[in-house]
Amino acid sequence: MKTKIFYKQILFYAGIIVAWQVIFVTHVIPSQDLPSPLQVGQLLFKETANGSLLYAIGTSMWRLVVGLIIAIVGGLILGIFMAKIDVVNQTIGSLMLGLQSIPSVAWVPLALLWFGPTDAGTIFVVVAGALFAISINTHSGIKNIPPTYIAAGRNMGASGLQLITNVMIPAALPYLISGFKQGWAYAWRGVIAAEIIFSIAGLGFLLNFGKHTNDISQVTGILIIIMIIGILVDGFVFKKLEAKILVRWGLLK
Amino acid sequence: MTKLQAKNIIKHFDHNGNSVVALDGVNLKVEEGDFICIVGPSGCGKSTFLNIIAGLEKPDSGEILLNDKPISDPGPDRTMVFQEGALFPWLKVIDNVEFGLKMAGIPKDERREISQRYLDMMQLTKFADSYTYQLSTGMKQRVAIARALAMDPEILLMDEPFAALDSQTRDLLLVELQLIWERTKKTIIFVTHNISESVILGNKVEIFKNRPSKIKKEILIDYRRPRLAEDVNLQKYYHEILQELKSEVMARSRDDLK
């Protein structure tokens with residue numbers, strides 16, 4: 001079943017490449033607007049060989065990971081306070097909902113004014129994009145913990161911080177994971193946007209560089225790379241993690 | 001020696017803005033090594049009473065004395081086996097059993113030794129590395145009992161632990177629990193709405209009356225063990241309790257008569 005789906009997908013993507021080549025050869029779209037699959041492949045191969053592509057991926061991912069770690073730690077703490085103290089939820093919680101509705105790219109101008117076109121600026125955009133979604137999901141996760149888990153934890157002598165780290169956080173994990181997933185999605189969009197606008201190293205920079213040099217292969221190639229990373233992180237990291245947790249927590253057969 | 005004493009426990013609940021009396025002065029004396037069964041209709045407050053002993057809920061007035069000292073907070077000296085769903089799905093069976101020991105800061109080697117002993121006792125050794133979703137309901141309750149015993153509590157509290165089991169599994173565990181009680185000499189308070197369970201397990205059966213609850217009568221059952229569900233000689237105790245409970249039970253649920 002799984003391999004069957006895999007073959008269908010392979011066939012589909014192969015079909016796209018073939019169609020793409022046909023469009024290129026028949027000049028339906030002029031070649032300065034659409035490169036051939038081969039040109040894009042050659043360019044990506046060249047940039048892989050000279051290391052510039054891997055460097056850009058590494059730079060973007062580094063900013064993303066640092067920002068996400070900050071957002072996860074901050075989001076967990078905020079979310080737990082929101083769940084435990086009503087007045088925090090009524091005040092800060094409502095602010096979180098508002099802030100969460102701001103698209104990550106909208107934080108870029110502020111980041112630029114505060115930090116200039118620096119790593120810190122891009123990391124700020126990542127944190128601003130991910131933090132609020134993570135804290136909101138943490139709040140619902142903690143609120144929805146089956147009371148028996150808490151009772152059992154207290155019954156066996158866990159209290160205070162011990163209860164939070166050993167019972168509440170693991171019990172809320174199914175929710176936390178969907179918060180992290182949402183946070184990652186916003187952060188990923190944010191980091192690329194910041195790199196395009198700041199024009200400092202990274203995948204967003206390569207994309208912007210392609211635009212400046214009128215290099216359609218570069219623009220297309222980097223877009224494909226951004227998509228592939230998205231698929232890998234979403235489809236492999238998060239989907240696998242989620243499936244494992246849902247089964248183990250008895251939420252899915 | 002008196003292990004535990006409940007003195008005039010009173011507890012109110014807020015129900016749609018009205019104050020409902022759940023426990024109306026419950027008094028109970030538990031001797032060391034007692035196997036006490038508390039039986040009463042669903043919703044009569046017997047689980048609330050157990051939670052108060054565990055320190056998970058606070059009474060409005062009255063006090064609980066454990067070894068003559070008043071208790072208020074939850075503590076590992078009174079571990080509880082919950083009805084179901086209280087095992088931690090993120091931990092392996094063995095880590096579930098060790099949870100309380102870990103909270104108490106007992107070193108890993110020592111924890112392993114203790115948990116192995118109780119896993120053995122509950123015949124769970126080969127499931128040590130399983131996760132709870134891989135276990136049947138009966139196996140889960142075995143783990144829950146092992147987890148509660150591993151803390152070596154002063155008193156073991158059981159809140160309808162067999163209510164969700166099929167009858168074969170339940171009969172088996174009813175026998176095993178008696179053997180464990182004889183072997184460990186633990187003091188046990190076992191809450192149930194099932195009269196035959198209380199007759200099979202208890203050396204004292206406390207009958208709770210319907211809300212507002214208090215203890216209506218105590219029945220002593222001095223009969224050889226292990227007692228089996230099909231033993232006809234237990235019928236007379238069953239009927240005695242049933243008579244006491246009839247008016248309460250009829251009001252609540254006919255299912256409990258099964």
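Two strands are said to pair if DSSP finds at least two bridges between them, and strands (E, at least two residues), like helices (H or I, at least four), are DSSP runs numbered from the N terminus. The model on screen is predicted, so local features need pLDDT of at least 70 and side-chain atom pairs count only at pLDDT 80 or more, while totals for chains, interfaces and linings use all residues. Residues are numbered from 1 along each chain as its sequence is written, and chains are lettered from A, and ligands numbered from 1, in the order in which they are written.

Begin in chain B by selecting strand 4 (residues 61-66) and strand 5, which pair in the antiparallel sense over three bridges; here L66(B) stands opposite K69(B) of strand 5.

Finally, select the place where the chains meet: 20 residues of chain B are in contact with 17 residues of chain A, contact meaning that the C-beta atoms of two residues, placed from the backbone, lie within 7 Å. On the side of chain B that touches chain A, helix 2 of chain B gives the most, with three residues.
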